[in-house]
Amino acid sequence: MEDAKKREAIVNYFKSAPKIPTKFLSICIICAFILYCSEETKMWAYGLWAFVILMLIIWIYSLWRFQHRPWLNDDINILSKQVLDKVGIDQSEIVGEPISIIAPRIYNRAGTSLLYKKGEDDYLRYTPINVTLIHFTEHQLLSYQAIFDLTTGKTLSPRTDEFFYNDIISVSTAIESHTVKTDNGAEIQYNQAETFKLVTSGGTSLQVILKDPKLIAELGGSGELPQTRSEKAVQIIRRMLRDKKSK
């Protein structure tokens, strides 16, 4: 699918599903039955019924388009390949399984629009996102962090870091507090943020917020943030570091 059509489908996904105009169609059906009772107006009745059927087909098609889900995995895979080009690493140098961690970007969105919706599976989906991509080479861990706008496919405020395995002294997850500044300068305190942190002997670190109940409240107050991707990422990082440091 062309990128422009994909972005349009993603925008449509976050819109409210179109509602069928039941009152209008009911009036059309009643009028069609009345017209059908007279030989002189039967053709008008057939026309009205055809119009009702056409409206139903258009509504069903529109509903399908609005329920079509974003292609997040496709975007992550494309972005992952672009990151390797930026840091000058060939795909052949990568070992293990590349991983990605995503979280909502509610504040300081660099001009992007905040969109969110609870899917039929009760999970919240949203844009823009904080995306963290991690690749492993034989001797180091490469991280890429950015704001990613699903509706345009653009990345904002990108940052890349390299961490040599021998320099990493701790990998942990913890419930921490952190403060976020809004676009108007106000500060919001998050007290239940589950955070992944990697720290090196030189004092550098990689920190990723995995989830926070307050995020759910600010995204409509219902639903869950998908955590399978984040939980799997943390497990892979720990396993890879154990393997590398044991050699």
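This is a predicted model: local features need pLDDT of at least 70, side-chain atom pairs count only at pLDDT 80 or more; totals for chains, interfaces and linings use all residues.

Me: Which residues have the most contacts inside the largest nonpolar core?

Reply: A nonpolar core is read as a set of buried nonpolar residues joined through their side chains. In this structure the largest such core has 19 residues, and F136, L141, L198 and I237 are those with the most contacts inside it. Two or more residues come from each of strand 1 (95-104), strand 4 (129-136), strand 8, strand 9 (205-211) and helix 6 (228-245). Helix 6 gives the most, with 6 residues. Another core, of 16 residues, lies apart from this one; I10, F14, V83 and F148 are among its members.

Me: What does the overall background of the chain look like, in terms of helices and strands?

Reply: Totals for the chain give the setting for single residues. The secondary structure comes to 6 helices and 9 strands. Of the 247 residues, 38% count as buried. Among contacts with a separation of 6 or more, 61% are between residues 24 or more positions apart.

Me: Why does L198 count as buried?

Reply: Burial is judged from relative accessible area, and a residue under 20% is called buried. L198 has a relative accessible area of 0%, and therefore counts as buried. The residue lies in strand 8 (residues 187-200).

Me: Which residues does L198 touch, not counting those up to four places away in sequence?

Reply: Setting sequence neighbours aside directs attention to contacts made by the fold. For L198 these partners are L141, F163, I168, S170, V171, T204, S205, L206 and L241. L141, read in the same way, is in contact with I134, H135, F136, D161, E162, F163, Y165, L198 and I237.

Me: With which side chain does the side chain of S80 make a polar contact?

Reply: A polar contact is read from the distance between N or O atoms. The side chain of S80 makes one with the side chain of H135, at 2.7 Å. S80 is found in helix 4 (residues 72-87). Its relative accessible area is 13%, so S80 is buried. Leaving aside neighbours within four places in sequence, S80 is in contact with L133 and H135.

Me: How many aromatic pairs does a search of the whole structure find?

Reply: Aromatic pairs are read from the distance between ring centres and the angle between planes. The search finds 5 pairs. One of them joins Y36 and W49, with 5.4 Å centre to centre and 45 degrees between the planes, and is tilted. Y36 belongs to helix 2 (residues 22-36) and W49 to helix 3 (residues 42-67), so this pair links distant parts of the chain, 13 residues apart. The rings of Y46 and W49 also form a tilted pair, because their planes stand at 45 degrees, with centres 6.2 Å apart. Y46 and W49 are separated by about one helical turn because they are 3 residues apart in helix 3. Ring pairs link F33, Y36, Y46 and W49 into a cluster. Y36 is partly exposed at 33%, W49 at 24% and Y46 at 40%.

Me: How much space lies in the largest pocket?

Reply: The largest pocket holds about 700 Å³ of space. It is lined by 27 residues, of which R105, N130, Q145, Q207 and I209 are the closest to its centre. Strand 1, strand 4, strand 5 (140-149), strand 6 (154-164), strand 7 (168-181) and strand 9 each give two or more residues to the lining. Strand 9 provides the largest share, 5 residues.

Terms used
Residues are numbered from 1 along each chain as its sequence is written. Side-chain values use heavy atoms; hydrogens and water are left out. Helices (H or I, at least four residues) and strands (E, at least two) are DSSP runs, numbered from the N terminus. Buried means under 20% relative accessible area, exposed over 50%, partly exposed in between (1.4 Å probe, protein chains only). A polar contact is a pair of N or O atoms within 3.5 Å; within protein, one must be able to donate a hydrogen and the other to accept it, and residues adjacent in sequence count only if both atoms are side-chain atoms. Contact means heavy atoms within 4.5 Å. A nonpolar core is a set of buried Ala, Val, Leu, Ile, Met, Phe, Trp, Tyr and Cys residues joined through side-chain atoms within 4.5 Å. Rings of Phe, Tyr and Trp (its six-membered ring) pair if their centres lie within 6.5 Å; planes under 30 degrees apart count as stacked, over 60 as edge-to-face and the rest as tilted. On a 1 Å grid over the protein atoms alone, a cavity is a set of points where a 1.4 Å probe fits but cannot get out, and a pocket is an open set with protein on both sides within 12 Å along at least five of seven lines; lining residues have an atom within 4 Å of a point. Grid points are joined across faces, edges and corners, and a volume is the space filled by probe spheres set on the points.
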